[in-house]
Amino acid sequence: MTNVSISRMPNPAEFVPELNDISAALFRATGNRSVPRTTMSLVHLRAGQIVGNTYLTVLNTSFLRKAGVSEERITAVSSWQDAPYFSDAERAALALVEATLQPAPHGKERVSDELYAEVAKHYDEKALATLTIAIGQINFFIALAVIGKPQPVGSLADEQWD
């Protein structure tokens, strides 16, 4: 028998219904197909791993499995730097989310000019803007996930909040 955690708060959209509009707008903005959906899920999975959040890691792992991504690729997201399973474009996206979410080395920018140039080699202007919004999108959901602690689910259609 597994121990399922209970959400800390009820669905925040019950109290702030505009949340549904914000969420829908973010999904529309990142769903323009300029960045592969798989790359988005890899980035969101890595963000969930960085902040140590089960809800985000379970959800994005499920998205990747449903998209047919191999277990090796999914498992290796946490060690992507030396894993042979990722394209240069995916590596650039993973480096970007890490730089955005992790503290900068003392006296350095989080996103260096060199990292930005590397990402820009793989993504045109629209795709780079979309990837930036996708990282902002996951940051938005990180607050809800770590504060509210919704149930880990494999689909956004599943019951997430108690």
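This is a predicted model: local features need pLDDT of at least 70, side-chain atom pairs count only at pLDDT 80 or more; totals for chains, interfaces and linings use all residues.
Ser7 belongs to the segment that comes before α1, the helix covering residues 18–30. With a relative accessible area of 10%, Ser7 is buried, because that value falls under the 20% limit used for buried residues.

The side chain of Ser7 reaches two backbone oxygens: that of Gln160 at 3.2 Å, and that of Lys149, which lies 3.4 Å from a polar atom of the Ser7 side chain.

## Length of α1

The helix α1 has 13 residues, which at 1.5 Å a residue should span 18 Å, and the C-alpha atoms at its ends are 19 Å apart, in agreement with that expectation.

Leu19, Ser23, Leu26 and Thr30 are the buried residues of α1. Viewed down the axis of the helix, these buried residues fall within an arc of 65°, so they line one face of α1. An α-helix has 3.6 residues a turn, so residues three or four places apart point the same way.

The cover over the buried residues of α1 includes α2, which runs over residues 37–51, and α7, which runs over residues 125–148. On the other side of α1, by contrast, Asp21 and Arg28 are exposed.

Technical notes
Residues are numbered from 1 along each chain as its sequence is written. Side-chain values use heavy atoms; hydrogens and water are left out. Helices (H or I, at least four residues) and strands (E, at least two) are DSSP runs, numbered from the N terminus. Buried means under 20% relative accessible area, exposed over 50%, partly exposed in between (1.4 Å probe, protein chains only). A polar contact is a pair of N or O atoms within 3.5 Å; within protein, one must be able to donate a hydrogen and the other to accept it, and residues adjacent in sequence count only if both atoms are side-chain atoms. The expected span of a helix is 1.5 Å times one less than its number of residues. The arc is that of the directions from the helix axis to the C-beta atoms. Contact means heavy atoms within 4.5 Å.
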